[in-house]
Amino acid sequence: MKPDWWPGEDHEQFTDWAIAQGIIVNGVYPARFPGRGLGMIAIRSIEEGEAIATVPLTAMFTPNSIPSSFISKFPDKTPVHALYAAFLTNGDPSDLQPYEPWRKTWPTRQDFEDAMPLLWPSSLRGPSKYDTSSSAQTFLPPSISGSWTSISKGKRECNYETTHQNLLAQQESRLQKAWDVVVNVFPETDWESFSYHWLIVNTRSFFFLMPGDEAPEDRNDAMALLPFADYFNHSDVACNVKFDGRNYVFRAAKHYDEGEEIYMSYGPHPSDFLLTEYGFFLDHNDSETLYLDDIIFRDLGKTLQEELEFQQYYGNYQLTAGGVCYRTEIAACMKYMAVEDWRNYTLGYSTKGFDAQKSEAIIRNWIKSYANEADTAFTSLENLRSTTKVELKDQEKVKLLLKRWKQIRTLCGQALETVSC
């Protein structure tokens, strides 16, 4: 008799295939968790430090797994993601056939359409970067969409690197770049098939860099796919992972009882990043962060923004449940201090002109602006749902967005409690 968590015949056959490839499976097995899909479960008591899965280099899907005759069709510096997705879409069937047991366990295109904002209808995600014909409102959080409903965001006068903001536009750009390269080589490439395989790669890759090699400029070009290890779901409490050039080894970070789910960490990412890149977010996330940049730049003109940039305090103003970051505090006191006093304060020379209460009042208003955005979005989504303007297949997406905006509103409230005034 199969256990309640049994994942299905395809996953059982794939696990046998993975073991035949040299992957060591020790005390764990893929499992189906009600309402949450697939993950990794302990099938016996596991002790802290035990190696529970080992994926040798020979079983990993790396650029060396793609025939050189296929790679030679592409120009130098083609993104690795593009090569992987191109091969999975346009590779010779005989070269792809060995991976068939693995491919049968992957999410479907429909799974991605349900979970990934990139594929959501414009009625929820707003117009695409490459199709601005729609005037639909976005219901996605600002870190994802780059848009606001309740405020006019401030102009960014200076450029800076922003890893966890404007996430959807960044993702679209990477996909479009990959697509442009591939259709130049394979003009008949099917968009739905290619974008599906690009998302497979994007959601299931592991960092891959041989010891001694220099990391590429784009981290996405140092990625590999690891059969079986891609069952691990994300959590802050995760197994220890190490690649030594020969094996990717996953070790238990704590004791697990039989029947417990075992996780790995995808990195210290805010929930908006997890939703954009992987199609989920956590009920509790120790790395939860919102960004106040658009709100702050609305209050600061070009001259003050340039001063912030010169002093290396420009952008990435973080808001967490514990309050705001020091960069945000520096930006706040700029609003009322004389520039020379502000410079001396940032350099630690003097506190002349600094007023803690004024700074706290400014910061509280910034947080309240974000909280108001959450309230506005939540109300709009509730109205959208009550007027039955949302198709039945999109109801779950609306529920997901309502849950996310409720999290954001709660975080703003927690942060406000830390700022006295």
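A search of the whole structure turns up 34 aromatic pairs, where rings of Phe, Tyr and Trp (its six-membered ring) pair if their centres lie within 6.5 Å. Keep in mind that this is a predicted model: local features need pLDDT of at least 70, side-chain atom pairs count only at pLDDT 80 or more, and totals for chains, interfaces and linings use all residues. Residues are numbered from 1 along each chain as its sequence is written, and side-chain values use heavy atoms, with hydrogens and water left out.

**Aromatic pairs**

- Trp17 and Trp102 make a stacked pair, 6.4 Å centre to centre with 25° between the planes; planes under 30 degrees apart count as stacked, over 60 as edge-to-face and the rest as tilted.
- This pair ties together distant parts of the chain, with Trp17 in helix H1 (residues 9-20) and Trp102 in helix H5 (residues 100-103), 85 residues apart.
- Helices here are DSSP runs (H or I, at least four residues), numbered from the N terminus.
- Both Trp17 and Trp102 are buried, meaning under 20% relative accessible area, while exposed is over 50% and partly exposed is in between (1.4 Å probe, protein chains only).
- Phe74 and Phe186 form a tilted pair: 6.1 Å centre to centre, 50° between the planes.
- That pair also links distant parts of the chain, 112 residues apart: Phe74 is in the loop between helix H2 (68-71) and helix H3 (80-90), and Phe186 is in the loop between helix H9 (167-185) and helix H10 (191-204).
- Phe74 is buried, and so is Phe186.

**Charges over rings**

- Lys254 has its charged end over the ring of Tyr256, 4.2 Å from the ring's centre; to count, NZ of Lys or CZ of Arg must be within 6 Å of the ring centre and within 35 degrees of the ring normal.
- The charged end of Arg404 sits over the ring of Phe281, 5.9 Å from its centre.

**The nonpolar core**

- The largest nonpolar core has 115 residues, and Phe232 and Phe250 have the most contacts inside it.
- Such a core is a set of buried Ala, Val, Leu, Ile, Met, Phe, Trp, Tyr and Cys residues joined through side-chain atoms within 4.5 Å.
- Helix H16 (residues 356-386) gives the most to this core: 10 residues.
- Leaving aside neighbours within four places in sequence, Phe232 is in contact (heavy atoms within 4.5 Å) with residues including Met40, Ile52, Phe250 and Tyr266.

**Helix H15**

- The buried residues of helix H15 (residues 339-346) are Asp341, Trp342, Tyr345 and Thr346.
- They cover an arc of only 130° around the axis, which puts them on the same side of H15; the arc is that of the directions from the helix axis to the C-beta atoms.
- Helix H13 (302-310) and helix H14 (326-334) are among what covers these buried residues.

Technical notes: Helices (H or I, at least four residues) and strands (E, at least two) are DSSP runs, numbered from the N terminus.
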